[in-house]
Protein chains: 2
Amino acid sequence: MDLREISRLLYQIKLADQHVASSFERETGFSLTRYEMLQVAKERGVCTQRVIKEEMKIDNAAITRHLKILEEKGYVVRERNAENHREMFVRVTEKAEQDLRYCERGERANHLVLKALSDEEIHQLSGLLQKLNSHAL
Amino acid sequence: MDLREISRLLYQIKLADQHVASSFERETGFSLTRYEMLQVAKERGVCTQRVIKEEMKIDNAAITRHLKILEEKGYVVRERNAENHREMFVRVTEKAEQDLRYCERGERANHLVLKALSDEEIHQLSGLLQKLNSHAL
DNA sequence: CTGTATTGTTTGATGAGTCAATAATTGACA
DNA sequence: TGTCAATTATTGACTCATCAAACAATACAG
């Protein structure tokens with residue numbers, strides 16, 4: 001297993017990410033990251049940006065910027081925690097929930113992965129990625 | 001298989017890409033993309049940017065910019081094809097070959113993936129990604 | 001040949017992510 | 001109380017990717 005083979009594999013991951021993320025956005029109208037962000041926020045109920053950051057393993061700066069955009073679009077409401085003014089509470093709006101439900105309903109739900117892989121293979125892939133990601137610092 | 005599950009999977013791919021690419025760069029000193037680019041160019045011998053673009057499935061603009069950087073660092077030489085002035089020939093230099101050989105030798109060769117996954121699993125992952133990527137336009 | 005299409009590369013604008021620096025708030029404690 | 005450290009969010013500077021537009025060189029149709 002030499003470096004060349006590894007770089008080939010890693011480059012395949014990069015390509016997969018690019019394809020898959022752009023097709024997700026094309027088909028749902030949501031960027032993958034912001035979709036995930038909304039879902040996390042929705043599942044958590046009202047929560048701070050820190051919680052989202054930890055769950056998504058994304059940079060602080062990215063969180064702030066995405067949430068600003070989501071706020072402008074009316075998908076989330078943000079307000080400082082009155083008891084700890086460092087924290088910012090985030091809550092998804094009814095509008096967001098509607099739009100999410102809408103794009104879930106569309107049978108456009110991501111074709112790319114489903115077309116390429118069987119349920120069994122998707123499950124396998126997910127397991128491998130989880131293993132890989134859990135080894136990252 | 002609903003959209004939420006899919007987005008989780010896709011987000012895992014994104015995270016894997018980020019982890020893996022940054023650890024590759026940390027450990028080899030080469031950005032994954034530029035490493036791959038040098039390898040492709042090396043394997044092809046003298047070739048045009050178009051060939052690299054097709055092999056790597058990367059945007060034209062990205063190719064130009066990476067190659068400029070590689071040129072500044074003395075890793076490639078570029079010159080116009082005398083017989084077709086639209087084309088740019090690329091050739092990797094001796095310096096590049098040396099530095100590549102050097103970083104291959106280092107037993108630092110990418111730990112992350114190797115630590116996380118067995119050879120068997122890496123093989124599986126590679127197969128799944130290939131399948132996934134071949135379904136992208 | 002001469003205009004039109006096509007090809008290969010380059011450039012500019014934009015979006016997403018990082019890290020590092022800063023600000024603001026809180027908590028601990030001498 | 002006053003200062004020092006830690007926490008949370010924000011901002012700025014940078015990299016890397018994309019798309020679209022521009023460009024120069026070539027090919028080709030009449």
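Modeller: Start with the salt bridge: a side-chain nitrogen of Lys or Arg within 4 Å of a carboxyl oxygen of Asp or Glu. Keep in mind that this is a predicted model. Here Arg4(B) pairs with Glu36(A) through their side chains, at 3.1 Å from N to O.

Biologist: How many salt bridges does the rule find across the interface of chain A and chain B?

Modeller: Six. There are also 18 residue pairs in polar contact across that interface, both partners at pLDDT 80 or more.

Biologist: Which helices of chain A supply at least two residues each to the side that touches chain B?

Modeller: α1 (3-28), α2 (32-44), α5 (94-105), α6 (111-116) and α7 (119-134). The most comes from α1(A), with 18 residues. Sorted by class, that side of chain A has 29 nonpolar, 12 polar and 11 charged residues.

Biologist: And what area do chain A and chain B bury between them?

Modeller: About 5,500 Å², with 70% of it on carbon and sulfur atoms. In contact terms, 52 residues of chain A meet 52 residues of chain B.

Biologist: Now the cysteines. How many disulfides does the structure hold?

Modeller: The general idea is that a disulfide is a covalent bond between the sulfur atoms of two cysteines. Over all chains, this structure holds zero.

Note on methods. Residues are numbered from 1 along each chain as its sequence is written. Chains are lettered from A and ligands numbered from 1 in the order in which they are written. Side-chain values use heavy atoms; hydrogens and water are left out. Contact means heavy atoms within 4.5 Å. Buried area is the accessible area (1.4 Å probe) that two parts lose on being put together, summed over both. A polar contact is a pair of N or O atoms within 3.5 Å; within protein, one must be able to donate a hydrogen and the other to accept it, and residues adjacent in sequence count only if both atoms are side-chain atoms. Helices (H or I, at least four residues) and strands (E, at least two) are DSSP runs, numbered from the N terminus. Ala, Val, Leu, Ile, Met, Phe, Trp, Tyr, Cys and Pro count as nonpolar, Asp, Glu, Lys and Arg as charged, and the others, Gly among them, as polar. A disulfide is a pair of cysteine sulfur atoms within 2.5 Å.
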